[in-house]
Amino acid sequence: MDLKHLQDRLEKISVGYGVHLGFERDPDWFLLKLQEEVGELTQAYLQHTGRARTKGATAEQIRDTFHQEFADVLCQLLLFAKQHDVDLPAEIERKWLVYEA
């Protein structure tokens with residue numbers, strides 16, 4: 001999957017989300033939304049590992065939610081990077097892949 005193409009697709013969805021709910025996606029929103037999603041991933045992880053209330057959800061529902069929260073975090077991170085013109089593939093090459101053996 002091409003990250004740039006994915007970011008463009010996510011941007012369209014995110015713009016529609018903001019319009020539908022009537023709020024401006026200002027620069028702070030991207031970081032705050034990312035933080036919210038990391039919090040939701042944390043909560044899902046705690047439920048998945050038996051360290052939080054299940055709130056009546058089945059084990060399968062808890063696992064599904066846990067897995068979906070990864071997507072939320074990644075998508076919000078991609079949107080945040082796009083907002084700040086970060087070339088993620090280039091930065092991954094520069095920061096991580098230089099250590100490949």
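Q: How are the residues numbered, and which parts of the model count?
A: Residues are numbered from 1 along each chain as its sequence is written, and side-chain values use heavy atoms, with hydrogens and water left out. The model is predicted, and local features need pLDDT of at least 70, side-chain atom pairs count only at pLDDT 80 or more, and totals for chains, interfaces and linings use all residues.

Q: What is a salt bridge, and how many are there by this rule?
A: Side chains of opposite charge can pair when their charged atoms come close. The rule asks for a side-chain nitrogen of Lys or Arg within 4 Å of a carboxyl oxygen of Asp or Glu. The count comes to 7 salt bridges.

Q: Which residues are linked in a network of salt bridges?
A: Lys-4, Asp-8 and Lys-82 are linked in this way. Asp-8 pairs with Lys-4, with their closest N and O atoms 3.2 Å apart. Both lie in helix α1 (residues 3-21), 4 residues apart, about one turn of the helix. Helices are DSSP runs (H or I, at least four residues), numbered from the N terminus. Asp-8 also meets Lys-82 in a salt bridge, at 2.9 Å from N to O. Lys-82 lies in helix α3 and Asp-8 in helix α1, so this pair ties together parts that are 74 residues apart in sequence.

Q: Where is the salt bridge of Glu-91 and Arg-94?
A: Glu-91 and Arg-94 are 3 residues apart in helix α4, about one helical turn. Their side chains meet at 2.9 Å, N to O.

Q: Is Ile-62 buried or exposed?
A: Buried means under 20% relative accessible area, exposed over 50%, and partly exposed in between (1.4 Å probe, protein chains only). Ile-62 counts as buried because its relative accessibility is 8%. Ile-62 is found in helix α3 (residues 59-83). Leaving aside neighbours within four places in sequence, Ile-62 is in contact (heavy atoms within 4.5 Å) with Gln-47, His-48, Thr-54 and Ala-57.

Q: Which residues form a nonpolar patch on the surface?
A: A patch is made of residues with over 30% relative accessible area and no salt bridge; like charges are joined within 9 Å, nonpolar side chains (Val, Leu, Ile, Met, Phe, Trp, Tyr) within 5 Å. Here Ile-92, Trp-96 and Leu-97 form one, with about 320 Å² of accessible area together, from the Shrake-Rupley method with a 1.4 Å probe, where only the protein chains shown count as cover for residues. Trp-96 is in the segment after α4 (88-95) and counts as exposed at 64% relative accessibility.

Methods
Helix = DSSP H or I, 4+ residues; strand = E, 2+ residues; numbered from the N terminus.
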